[in-house]
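Biologist: Could you walk me through a structure, one feature at a time? I'm new to this.

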Amino acid sequence: MSTLDPAASSVSEIELAPASLGGRLRQVGPGLIISAIIVGAGELIVTPKLGAEVGFRLLWFIVLGCLVKVFVQIELGRYAITRGRTTLEALNALPGPRLAVSWVMWIWLAMYLCLVPQVAGMLGGTATALRLGGAAIPVGALSILIGASCAILLVVGRYRLVERVSTVLVGAFTLTTIVAVTALQFTPYAITGAQLASGFSFELPADLATAFGAFGIIGVGASELIYYPYWCLEKGYARKLGADDGSPEWKVRAAAWLRVMRLDAWMSFALYTSTTVAFYLLGAAILHAKSLRVESDRMIETLSFMYRDAFGEWSLWLFVVGAVAVLYSTIFCATASNARLLADALALFQVKRYRDAEHRIRWIKLCCVLLPVAFTGLFLAVGNPVQLVFWGAIAQGLMLPFLAGAALYFHF
């Protein structure tokens, strides 16, 4: 990893250590990143929607979807740490046809554009959750306030309070959701051994649209797989490891840092898989039994029955607080992540050259404003949070085979 280069145009050529950020655009910390990975739109919205539509029979699919992606995550992280390259730089180095950039980068760009509707859907979900909780402001006005607050906090670098509060609330919501599955056993919706067994019959439904969307977004989604190596670089793993000089000392250091990365990945896997399975079981046991569908502007109200039927009507407020924390923290983290990706992509697509780290920071700040404007405007124009989230989910699902192929190429 090189130090500052006046002609540097890509992320790995600019020091990513906290010192390079000058205290003006602080990094999104690991707590917020982990919160967003453990519980996000995939777990809260798409997973229960799938359970509501097909019941228990795709439980195996949910577990498989969480498991296979952790290996891709580890390989992309290993490549970033040992080579000092961001994910986009790594993808741009893949063999094959090129038109300014690698062919894989054009596929990534198509997926990236679909992330705007996905975040717009989460914005709409947050606004409708606040309305369900009693906010006396129209959903449209709430969405503008949410988008504006996200942009302002990221530009001024005041993410610490958001990180701490979100981490606590999302952690509590995760634990409460797992407890809800236990509480369900004392209700008419108790889960039986036969139902669990049917979840591992390895059947597929005739309509695979929801299942495919769920596969793309649950656990570590394609967008999070791409951003995870950025987090590894920003935390200084590659910088502390140094360039590969072929020495035994470098190999020892590399093995140590890779152990840290793998432990992080597998601990996250255990947490997000437990949470995803819990949301799926609640959706299959309650929403499917009640013939409820997770759709349109009644999305949050429908999802709230997973708590209300497990704990009682009093738990509506508990679900609303948890849903707002989950969705807002995911919006916040996605905006910070996608702003860095966009700044990196502008250089790789030869649209922009950065004079130094400060120049790149200014562009990241600009992206932190432009992205909330885009997803807020899209929600106001389209509405329908579920449909918007699914556009991004399908795009991420289509991107996964290319990321898996890239991981295999890097491995060998």
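Biologist: Are α6 and α15 roughly parallel or roughly antiparallel to each other?

Modeller: Some background before that. This is a predicted model, where local features need pLDDT of at least 70, side-chain atom pairs count only at pLDDT 80 or more, and totals for chains, interfaces and linings use all residues. Residues are numbered from 1 along each chain as its sequence is written, and side-chain values use heavy atoms, with hydrogens and water left out.

Modeller: In general, two packed helices are described by the angle between their axes and the distance between the axes. Here the axes of α6 (residues 139–156) and α15 (residues 357–382) come within 9 Å and cross at roughly 170°. Angles run from 0 to 180 degrees between N-to-C directions, with axes fitted to C-alpha atoms over the stretch in contact. Therefore α6 and α15 are roughly antiparallel (under 35 degrees is roughly parallel, over 145 roughly antiparallel, 65 to 115 roughly perpendicular, the rest oblique).

Biologist: Which residues of α5 meet α10?

Modeller: Trp-108, Met-111 and Leu-115 of α5 meet Ala-222, Ser-223 and Ile-226 of α10 (contact means heavy atoms within 4.5 Å). The helices, α5 (residues 103–132) and α10 (residues 222–234), pack at about 110° with axes 11 Å apart, so they are roughly perpendicular.

Biologist: And how many salt bridges does the count come to?

Modeller: The idea is that side chains of opposite charge can pair when their charged atoms come close. The rule asks for a side-chain nitrogen of Lys or Arg within 4 Å of a carboxyl oxygen of Asp or Glu, and the count comes to 6 salt bridges. One of them joins the side chains of Glu-203 and Arg-57 (4.0 Å, N to O). Glu-203 sits in the loop between α8 (193–198) and α9 (209–217), and Arg-57 in the loop between α2 (41–54) and α3, so this pair ties together parts 146 residues apart in sequence.

Terms used: Helices (H or I, at least four residues) and strands (E, at least two) are DSSP runs, numbered from the N terminus.
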